[in-house]
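This report describes selected features of one protein model. Please keep the sequence and the structure in view while reading.

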Amino acid sequence: MTDTRPATRFPDQKPGTSGLRKKVPVFRQPGYVESFVQAIFDTVEGRDGATLVVGGDGRFFNREAIQVILKMAAANGFSRILVGQGGLLSTPAASCVIRARGAVGGVILSASHNPGGPEGDFGIKFNGRNGGPAPESFTEAVFARTTSLDTYRILDVPDVDLDRTGETRLGEVVVDVIDPVADYAALMETLVDFEAIAALFRGGFRMRFDAMSAVTGPYATAILEGRLGAPAGTVVNAVPLPDFGGHHPDPNPIHAADLMALMTGPDAPDFGAASDGDGDRNMIVAPHLFVTPSDSLAILAANAHLAPGYRDGIAGLARSMPTSRAADRVAAALGVPAYETPTGWKFFGNLLDAGRITICGEESAGTGSDHVREKDGLWAVLLWLNILAATGKRADAVVRDHWATFGRDYYARHDYEELDTAAAEGLMRHLRDRLATLPGTRLGSLTVATADDFAYTDPVDGSVTARQGIRIAFAEDARAVFRLSGTGTSGATLRLYVERFDRTRHDGDTKAVLAPVVEAARALGEIVARTGRAEPSIVT
Ligand code: VG1
Ligand code: CO
C-alpha cells in the first residue's frame, strides 16, 4: 500500500521567519507539498513509532494539504497521528497538544495573518517535541534536504473523514481526530482564574472578541462564552472561513477597523480583543485606547503574578529585538533577566526550555509564556481579563498606571510592502556599510549614539544568528530599527520600527512624538529615494 514516488526538487523551499510561506498556486503545483513534507520527515529524529500532530488554521487548501500529510505520515514510520477536527488547530493549541500528548512534533498549516483564498497565502511549518517552532538548524537541514530529494513515500488509501472525532486507521497507523479545543481549554484553566473572570462577566462586564473569521473563533466561543459566561455574541466573526471572509486576518488597528471603531465610539465596551489567522497573535484595546503589543507584553509581565499560573512570579523576560524596551523596564524592576532575541518565536524556545524566561513577546502582536512554545493570542486575552478581575481597574487605567510607574515607550511600525527586492536589499546594504560612520551624526533634533547590525548568541546552546536588523539608537532615548520581513510572499517588505521613551509625559500623540525619529530614519535609510515611496504602506 505504501507508494514510493519520484519527488520533484523545488529550488524555493527555504523556510523564513515562520516556516515556508508561499502563494496557494505555488503550493498547488504537483508534488510541491509532498517534497517539502518528505524533507521535513527525513529531518525529524525519532519518528519511528512516534506520535505526530497535524492541524491548520482552516484556510483555503488546508483540507487538501492535510490529507496528503496524513497519508505521508502514515508511510513514514509514525505510529499515531493526532489531527484536529475539521483539520483545525490553532498554532498555540497545536503546541499545547504536542506537549500534552508527548508527540515528537507537529506539522502546522498556516500563513498566519496573511490573506487566504485561491490566490492568497498558505504555509507549512514544523514544531518539535517541545511544541515550539523548529530551530534554524532544523529548518536549514530541511531546506538542504529539499535540494537532494529523490522520492517521497505515501499510502495509497482513501481520504480520512476529518469531521468526525475518534480513531480510524490509515494502513497500520492510528489517526485520531481530536476536539481541537479540549486540551487547550484545560490548560488555560490551570493558568488563569476562571472563577474571577466569570464573576466579572456576571457583574455586567462587556467585551468584544473579534476572531476575524479565523481559527480562534471556536476557542474563544468555547472559553469566553461557554466556560466564562460572557454573553452570546461577545465573540464576533467566530466561524473560521477558508478566505477569512475576504479579510486580512491581521489584528491591528487597520485590519480590525470595526473593533477599533467600536472601542473608540460612544458605547465602547469594557474590553476589546482580536486574534489572527492561526490564533497566535492578539490585539488588545481598552476603551478609547489601543494598547501597543510592546506595552501589552510589559503590562502582562508586570501583573502576571495576579494569575494562579504565575503566582510565584516570573523567572525572566524576553522580547524580540524590534519590540520596544518597555518589557526591559519591568524586568529591571522585578530584578529578573531580560533577553533581546531576533524576530521570530523560534528564538524564545531555548530560553523557555531552560527556564530562563517565563514570559516573552514581539511587537507584532505576539505574547506568550512557558505554558506552550508558541505565542498565544487567546492566552494573552485571558491573562488581561484575569488582571482586570483581580485589580478591579478599567483596562485604560491599567495602561496609564503602568506608564506612571515605568514611563511610556511611544511606538510605531512602518511597513513598506511589495518593494522591489533589489532596492530593499540595497537600502539595507547601504545602511550596513555606513554603520561605523553613523555615531555622532545629527539628524534634526536627534543624534545617533550607536548603530549596529543585530547579532544574537543563544545563551543556551551558543548558536549565533547574524544580520537580524539594523539598530540605530539616538542619544535622546529614541530608537529606529530596520529589517526586511521573512514572511512575505511577494517582493520585499521593509519594516521600520520607531520608538521614543518619555519618563514623565504620557499623554502625547504617538505620531507627533515619533515624527522626528521617523524623519531621521527616512533620511538615514534614504527610504524615499530608494523605495520610490513617499509614505509606508501601513503604519501599526
Ligand atoms: C512577522 C513578525 C514576527 C513574527 C512573524 C510570524 O515576521 O514581524 O514578529 O514572529 O511574522 O508571526 P516578519 O519576518 O515578516 O517580520 V505569524 O503570527 O505571521 O506566524
Ligand atoms: Co499568526
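## A buried valine

Val 518 is buried, because its relative accessible area is 10% (buried means under 20%, exposed over 50% and partly exposed in between, with a 1.4 Å probe and protein chains only). The residue belongs to helix α16, which covers residues 510–525 (helices are DSSP runs of H or I with at least four residues, strands are runs of E with at least two, and both are numbered from the N terminus).

Apart from neighbours within four places in sequence, Val 518 is in contact with His 414 and Val 498 (contact means heavy atoms within 4.5 Å). Leu 496 lies 22 residues from Val 518 in sequence, and their C-alpha atoms are 8.6 Å apart.

## Basis of the model

The model is predicted: local features need pLDDT of at least 70 and side-chain atom pairs count only at pLDDT 80 or more, while totals for chains, interfaces and linings use all residues. Residues are numbered from 1 along each chain as its sequence is written, chains are lettered from A and ligands numbered from 1 in the order in which they are written, and side-chain values use heavy atoms, without hydrogens and water.

## The open sheet

An open sheet of mixed pairing contains seven strands in the order β2-β6-β5-β3-β4-β9-β8 (two strands pair if DSSP finds at least two bridges between them). Its edge strands, β2 (20–23) and β8 (166–170), each pair on one side only.

Strands β3 (residues 51–56) and β4 (residues 80–88) run parallel and are joined by five bridges. Within this pair, Val 53 stands opposite Leu 82 of β4.
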